[in-house]
Amino acid sequence: MIQLNEFKNKTVLLTGASAGIGAAAAHAFGSRGAHVIVHYNRRREAAEQVVAGISAAGGSGETVQADLATLAGVRGLVDWLHARPVNILVNNAGSLVRRARVLEFTPELMEQVMMLNFTSAFFVAQAVLPGMLERKHGAIVNVSSVAARMGGGIGALGYSAAKAAMSAMTKNMAREFGPAGIRVNTVSPGTIDTDFHRNFSTEQMLTNVKAATPMGRLGTSDEVADAIVYLCSEGARFIQGQALEVNGGFLMV
Ligand SMILES: NC(=O)c1ccc[n+]([C@@H]2O[C@H](COP(=O)([O-])OP(=O)(O)OC[C@H]3O[C@@H](n4cnc5c(N)ncnc54)[C@H](OP(=O)(O)O)[C@@H]3O)[C@@H](O)[C@H]2O)c1
């Protein structure tokens, strides 16, 4: 069970926390006493509102901006993190960027999609791991996707490949850092009702997903946030290198 003040005196870095799953997780950590670094790219005001909500719920927070689809943006965040202790990292920022069929993919689009959905997560983890190693304690959750196992819908090849790479990264890091007391796991959402789908999915696609989901509906950001928080809690102290699927039964194997 997660305690009321489970994350008191802990700093949580949540990438992509201005909206959707990240914002819900930021609130869930903050309301359990954490100091939350709310990262955003374009939605500064929304990120500031997330921090205001956290403060109202008894936690504290601050915002930081970085475009994680670019190497310059990743470097900016890594420099900003220098010497800042981070106890928990949630690599959540991600996007399809745009749907492109295989023959339409350009090197630039592939680089952007991989940077945002995989490479940036690796370098942000690399930036916070030395501090976790010193403290012999830490938790990392990488937010992957059901697309990592299914290959993604038409036009989502780069995204699904990046998420599969992220899932592999989880297992590799779990193996290397487990002995040092650092836990690394994945949360793999199915179709969650966020702006992601307002940007990239049609009503017909969402209707088809609901029909193929035993629970008959899309998931909510709070439902994914609960899984993220659980994996970072003491209750998950022996869970290492695993993927927690939050998809209403859409994919069970
Ligand atoms: N929704 C789903 O069905 C679903 C399913 C599987 C996996 N996921 C994954 O869950 C995570 C959160 O998705 P969501 O549904 O909550 O999406 P969302 O509501 O669209 O939020 C995406 C977050 O990522 C940030 N972001 C987007 N592009 C960025 C960039 N170039 N640089 C830095 N940050 C960027 C956004 O920041 P700004 O808004 O401030 O720009 C926002 O905070 C993503 O990794 C996504 O792939 C979602």
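## Ser120 and its surroundings

A polar atom of the Ser120 side chain lies 3.1 Å from the backbone oxygen of Leu116. Ser120 sits in helix α4, residues 107–135. Helices here are DSSP runs of H or I with at least four residues, strands are runs of E with at least two, and both are numbered from the N terminus. Ser120 is buried, with 2% relative accessibility (buried means under 20% relative accessible area, with a 1.4 Å probe and protein chains only).

Leaving out residues up to four places away in sequence, Ser120 touches Leu68, Val74 and Met115 (contact means heavy atoms within 4.5 Å).

## About the model

This is a predicted model: local features need pLDDT of at least 70, side-chain atom pairs count only at pLDDT 80 or more, and totals for chains, interfaces and linings use all residues. Residues are numbered from 1 along each chain as its sequence is written, and side-chain values use heavy atoms, with hydrogens and water left out.

## Nonpolar cores

Nonpolar side chains tend to be buried together in soluble globular proteins. A nonpolar core is a set of buried Ala, Val, Leu, Ile, Met, Phe, Trp, Tyr and Cys residues joined through side-chain atoms within 4.5 Å. The largest one has 35 residues. Leu14, Phe29, Val38, Val90 and Ile228 have the most contacts inside it. Elements giving two or more residues to this core include β1 (11–14), α1 (20–30) and α9 (221–232).

A second, separate core has 28 residues, among them Val64, Ala66, Val74 and Met169.

Notes
Buried means under 20% relative accessible area, exposed over 50%, partly exposed in between (1.4 Å probe, protein chains only). A polar contact is a pair of N or O atoms within 3.5 Å; within protein, one must be able to donate a hydrogen and the other to accept it, and residues adjacent in sequence count only if both atoms are side-chain atoms.
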